[in-house]
Amino acid sequence: MAERALTGTRVRNRRLDLGLRQADVARQLNISGSYLNLIEHNRRRITDPLLAELALVLDIDVALLGGGTADAILGPLAEAAAAFPDVHIENTKAEELIDRFPGWAALISAQAGRIAQLEQRAQALGDRLAHDTQIASSLHEVISTATAIRSTASILVESPDLDPDWRGRFHGNIDTDAARLAESSQALLGFLDTEVEAGDGALATPVEAADTVMATWQHYVPEVETQTFPDLMQLEPATREIVEGWIERMGQDAARLPLSSFEQAARAMAYDPARLATRFHVPLEVVLRRLAHLPPDQGHPAMGVATCDAAGVVTYQKPVLDFRMARAGAACPLWPLYQALTHPGRAVRRVVQMPGVARTPFECFAIATPVGDVAFGVEQRIEATMLVRPARGDVAPETVGPGCRICAVESCASRRHPSIV
């Protein structure tokens, strides 16, 4: 038997909306009219079987009638209202809306979720247009070929008495360039179609699929604490290889920094990476990664992490709040992650802030170090690691951007090309 304080109100409102008499509904349920009256005034508890029968009689989903989805609807309604601060909305009437018109409330909630999905897809498209080298190369090919066709056509128009042999050559050039333009345009369309399909659930690359797997785990794998690892056979081979590599590194960090002692020391030292590295005699980058991968339900501060190779390509990241870096090497060079690459072995700490609505100031700790074994005649591989967490204190943050093509910051000395924003 379930207690639902507002179920009776929903029953009464639905019955009145359908124009049904209380006695007629009670008769269909084989209960007395007085008992139904008590239910509608929330003075009697209602059993689950009776609630299911009521839902059939009143032609409504049992979850909406019983209020099982009220909390799930109320949250998105509040988020939808917060997105339009200039619109006067009666916040105190939200629960009444759900009780009185559950279907309409659910529709508004679903539409708010759909808008959020479309905004995320637009952001993904913007990021890919700005950072994907394949799209950039294909787009450059389209533009250069169209320019060549335009140039050849201008010669033909401006030279009506051109020698027939030369005219034939120019016509041949236009035909060749037109075929090349068709091919490059088709390739560009294919790249964009891949991104659109990814927005509908089919991830474009194994790295994106691996990112999604880690996000579902909140970037914490409890098994690494005991040096056991989850079964990943359900993943595609390429995705599985990437995730296994990430988890293996987490396991190595966990072995060097056991959870119980590290958590205790992290709290005692206010999560200071340098002090923790000295305390446990481990490299700083190990501490940076371990701090970002502490259990999410133990009251630790929100922390993210990113690693990149010497080319500036982000190889792993755990986003936090509005911190997220582009996967390609076209992100803002002002991030400490990239600045650490210029001075391997030197620890970097800066407080930065991205432009935008949230404008969260982040405290960043970064260092670039060699990775792998040393061998003669083999170039040493360098990897940079950066821990990111909301800044504390009154330090004025420096501004970093998401990438030049989609950055609105003006007069930036590090800008590589104009912004499309």
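I began with helices (H or I, at least four residues) and strands (E, at least two), which are DSSP runs numbered from the N terminus. I noted that this is a predicted model, where local features need pLDDT of at least 70, side-chain atom pairs count only at pLDDT 80 or more, and totals for chains, interfaces and linings use all residues. Residues are numbered from 1 along each chain as its sequence is written, and side-chain values use heavy atoms, with hydrogens and water left out.

**Entry: the whole protein**

I found 16 helices and six strands in the protein. I then looked up burial, where buried means under 20% relative accessible area, exposed over 50%, and partly exposed in between (1.4 Å probe, protein chains only). Of the 421 residues, 35% are buried. For contacts (heavy atoms within 4.5 Å), I took residues at least 6 apart in sequence, and 59% of these contacts join residues at least 24 apart.

Next I looked for aromatic pairs: rings of Phe, Tyr and Trp (its six-membered ring) with centres within 6.5 Å, called stacked with planes under 30 degrees apart, edge-to-face over 60 and tilted for the rest. The count comes to five aromatic pairs. One of them is Trp166 with Phe170, a tilted pair at 6.2 Å centre to centre and 35° between the planes. Both residues lie in helix H10 (residues 164-199), four residues apart, which is about one turn of the helix. Is Phe170 buried or exposed? Phe170 is buried, because its relative accessible area is 14%, while Trp166 is partly exposed at 45%.

I also checked for a charge over a ring, which needs NZ of Lys or CZ of Arg within 6 Å of the ring centre and within 35 degrees of the ring normal. Arg169 lies over the face of Trp166, 4.6 Å from the ring centre. Arg279 has its charged end over the ring of Phe280, at 4.5 Å from the centre.

**Entry: a pair between a helix and a strand**

Trp246 and Tyr316 make an edge-to-face pair, 4.8 Å centre to centre with 70° between the planes. Trp246 belongs to helix H12 (residues 237-256) and Tyr316 to strand S2, so the pair ties together parts 70 residues apart in sequence. Trp246 is buried at 13% relative accessible area, and Tyr316 is buried at 6%.

**Entry: strand S1 and its partners**

Strand S1 (residues 304-309) is largely enclosed by the rest of the structure, because five of its six residues are buried. Two strands pair if DSSP finds at least two bridges between them. S1 runs antiparallel to strand S5 (residues 381-390) over six bridges, and Asp309 has Glu383 as its bridge partner there. Four bridges join S1 to S2 (residues 314-318), also antiparallel, with Cys308 opposite Val314. The S1 and S2 hairpin has four residues between the strands, and Gly312 takes a positive phi near 85° in this hairpin.

**Entry: Arg350**

Where is Arg350 placed? I found Arg350 in strand S3 (residues 348-353), buried at 12% relative accessible area. I looked up its polar contacts, meaning N or O atoms within 3.5 Å, one able to donate a hydrogen and the other to accept it, with residues adjacent in sequence counting only if both atoms are side-chain atoms. The Arg350 side chain makes one with the side chain of Gln339 at 2.8 Å. A polar atom of the Arg350 side chain also lies 2.7 Å from the backbone oxygen of Leu334. Leaving out residues up to four places away in sequence, Arg350 touches several residues, including Trp335, Phe362 and Glu398. Phe323, Trp335 and Phe362 are linked into a cluster by ring pairs.
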